[in-house]
Amino acid sequence: NHQINLEGYYLSDDEFETNKWMFPDIVIGPNEYLLVFASSKNKEYHTNFKLNSQGETVTLSDSSGNIISKITYAK
């Protein structure tokens, strides 16, 4: 069980532009989570994009832009 600093990781709603929103300097530990709002407010814990109510794919990428996790949701 390790802590991880999320700074340099990215969330995106575009698989071709994986670095849309970068996590701030935040450390989470084992069995912890961080709630991020896809609100397009572009401030701490609020992404610079909104999610489509019809469904789309959300990606988590590393600092090199490599997708390390993704989830697709539908209406």
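Buried residues are those under 20% relative accessible area, exposed residues are those over 50%, and partly exposed residues lie in between. The close-up views below all show a predicted model.

**View 1. The aromatic pair formed by Trp-21 and Phe-23.** At 4% relative accessibility, Trp-21 falls under the 20% cut-off and therefore counts as buried. Phe-23, with a relative accessibility of 6%, is likewise classed as buried. The structure holds 1 aromatic pair, in which the ring centres of Trp-21 and Phe-23 are 5.1 Å apart and the ring planes stand at 65°, so the arrangement is edge-to-face. The angle settles this description because planes over 60 degrees apart count as edge-to-face.

View 2. Strands of a sheet pair through backbone hydrogen bonds, either parallel or antiparallel. Between strand 2 and strand 5 the antiparallel pairing runs over 3 bridges, and here Tyr-10 is placed opposite Ser-61 of strand 5.

**View 3. Strand 5 and the hairpin with strand 6.** Strand 5, which comprises residues 55-61, pairs with strand 6 in the antiparallel sense over 7 bridges, with Gly-55 standing opposite Ala-74 of strand 6. The two strands form a hairpin with 5 residues between them, and in its turn Gly-65 has a positive phi of about 85°. Of the 7 residues of strand 5, 5 are buried, so this strand is largely enclosed by the rest of the structure.

**View 4. Phe-16 in the loop between strand 2 and strand 3.** Phe-16 belongs to the loop that lies between strand 2 (10-12) and strand 3, and its relative accessible area of 82% places this residue in the exposed class. Phe-16 and Gly-65 are 49 residues apart along the chain, while their C-alpha atoms are separated by 9.5 Å. Gly-65 is the residue with a positive phi in the turn of the hairpin formed by strand 5 and strand 6.

**View 5. The salt bridge between Lys-20 and Asp-13.** The count of salt bridges comes to 2, and one of them joins Lys-20 to Asp-13, with the closest N and O atoms 2.6 Å apart. Asp-13 is buried, having a relative accessible area of 18%, whereas Lys-20 counts as partly exposed at 24% relative accessibility.

**View 6. The salt bridge between Glu-15 and Lys-70.** In this pair the closest N and O atoms of Glu-15 and Lys-70 are 2.9 Å apart. With a relative accessibility of 35%, Glu-15 counts as partly exposed.

**View 7. A nonpolar surface patch around Leu-35.** Tyr-33, Leu-35 and Phe-37 make a nonpolar surface patch of about 400 Å². Leu-35 is located in the loop between strand 4 (27-28) and strand 5, and this residue counts as exposed because its relative accessibility of 54% is over the 50% cut-off.

Notes:
Residues are numbered from 1 along each chain as its sequence is written. This is a predicted model: local features need pLDDT of at least 70, side-chain atom pairs count only at pLDDT 80 or more; totals for chains, interfaces and linings use all residues. Side-chain values use heavy atoms; hydrogens and water are left out. Two strands pair if DSSP finds at least two bridges between them. Helices (H or I, at least four residues) and strands (E, at least two) are DSSP runs, numbered from the N terminus. Buried means under 20% relative accessible area, exposed over 50%, partly exposed in between (1.4 Å probe, protein chains only). Patches are made of residues with over 30% relative accessible area and no salt bridge: like charges are joined within 9 Å, nonpolar side chains (Val, Leu, Ile, Met, Phe, Trp, Tyr) within 5 Å. Accessible areas come from the Shrake-Rupley method with a 1.4 Å probe; for residues, only the protein chains shown count as cover. A salt bridge is a side-chain nitrogen of Lys or Arg within 4 Å of a carboxyl oxygen of Asp or Glu. Rings of Phe, Tyr and Trp (its six-membered ring) pair if their centres lie within 6.5 Å; planes under 30 degrees apart count as stacked, over 60 as edge-to-face and the rest as tilted.
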